[in-house]
Amino acid sequence: MSRKKKFDNRIKADNDGLRFATPEVVASYRAKRLKCRTIADISCGIGGQTIFFAKECEKVYAIEIDPQKIEYAEKNCKRYGLDNVKFICGDALSEEVIEQVPKIDILFSDPARPPSEDKRHVSSLEPGIPNVLSAYAEKTNNFAFEAPPQMTPARIPFDCEKEYLSLNGQLNRLNLYFGDIRSCDRSAVSLPSEKRIDSNDPKAEVVKTEDIGPFACEPEPSVVKAELLPEFAAAIMTDSSSQVSLFNIDQKRILLTSESPINNTIAKNNYEVLKVVELDTALINKELRKEDVDTVILRAGIDPARYWKMRNEIEEGLTGSGTVHLFAKDGKAIICKIMY
């Protein structure tokens with residue numbers, strides 16, 4: 001499934017509703033994680049998440065303040081043949097709405113947030129997490145919230161599990177779990193595989209190196225954001241019997257490198273390092289002509305205005321069939337081929 005694909009064609013909404021709707025693979029994973037008898041879905045929008053809760057749970061209480069959105073949500077659930085959802089239109093924090101929700105197993109909230117902020121803050125969420133926890137304290141002890149994934153664990157001022165999700169190699173979601181559904185302090189999940197690592201896993205010391213070895217792997221951004229590199233390194237050493245070191249590319253990119261092949265299922269990519277040469281397009285092109293390559297993906301902090309010019313120069317005359325990733329560090333081009 002493409003990262004951009006949201007739903008199959010049964011889902012209907014206006015453009016704004018589709019834009020902010022939860023991707024299907026994320027909604028499916030989250031519903032399985034929160035599977036229970038009864039669940040409330042606050043700020044359900046057009047019902048993208050509600051549909052999957054209804055597939056996993058006996059009863060869903062879907063709450064939305066926007067009448068048009070909840071009308072879409074009802075229609076979308078009907079298109080999936082689901083009849084176990086009670087729709088409630090209104091302010092989730094109002095007494096009128098709260099009294100319509102009985103005792104439930106779990107409450108999930110996907111709060112609204114500003115379209116853009118210089119820096120994401122939990123305090124910008126609406127309805128606010130503390131307000132929801134207080135308003136529904138008599139309904140359940142188990143709460144799950146979606147929050148902006150750009151926030152680091154240290155910026156989340158709650159005693160909860162911080163679960164970061166990657167989707168097809170891109171940071172996608174942050175879930176916060178309270179109560180019995182909390183399983184650890186921090187976790188990272190790779191979608192669509194649903195491979196997971198968390199702060200309860202064994203840790204390994206990660207030593208920095210300035211020299212890249214013949215093999216490397218790129219951690220999922222969810223692993224990096226959840227600050228789980230020591231756990232990730234330990235998993236690699238267990239799975240591959242490979243000693244790994246941390247090789248910093250730049251502020252946005254890191255690799256773990258090793259003298260032996262790495263094959264880890266939660267890695268974004270596992271690489272063989274083909275060449276390290278001067279960062280000169282003519283020289284790189286000359287070296288790649290010796291390889292079975294026709295496509296070069298530049299993984300470097302390059303001015304967007306120069307990206308395609310540089311890539312075209314590197315790819316000129318290449319007649320192979322393979323793809324390589326090119327990282328840039330300290331004037332060097334690190335050319336890698338995906339192994340697994």
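Visitor: In which sense do strand S2 and S3 pair?

Guide: This is a predicted model, where local features need pLDDT of at least 70, side-chain atom pairs count only at pLDDT 80 or more, and totals for chains, interfaces and linings use all residues. Residues are numbered from 1 along each chain as its sequence is written, and side-chain values use heavy atoms, without hydrogens and water. Strands are DSSP runs (E, at least two residues; helices are H or I, at least four), numbered from the N terminus, and two strands pair if DSSP finds at least two bridges between them. Strand S2 (residues 59-64) and S3 are joined over five bridges, and the sense is parallel.

Visitor: Which strands stand at the edges of the sheet?

Guide: The sheet is open, with nine strands in the order S3-S2-S1-S4-S5-S7-S6-S8-S9 and mixed pairing. Each edge strand has a single partner strand, so one side of each is left without a neighbour in the sheet; these are S3 (85-89) and S9 (195-198).

Visitor: Which residues are the closest to the centre of the second largest pocket?

Guide: A pocket is an open set of points on a 1 Å grid over the protein atoms alone where a 1.4 Å probe fits, with protein on both sides within 12 Å along at least five of seven lines; lining residues have an atom within 4 Å of a point. S7, strand S11 (215-219) and helix H7 (221-225) each give two or more residues to this lining. Of the 14 lining residues, the closest to the centre are Glu218, Pro221, Lys252, Arg253 and Lys268.
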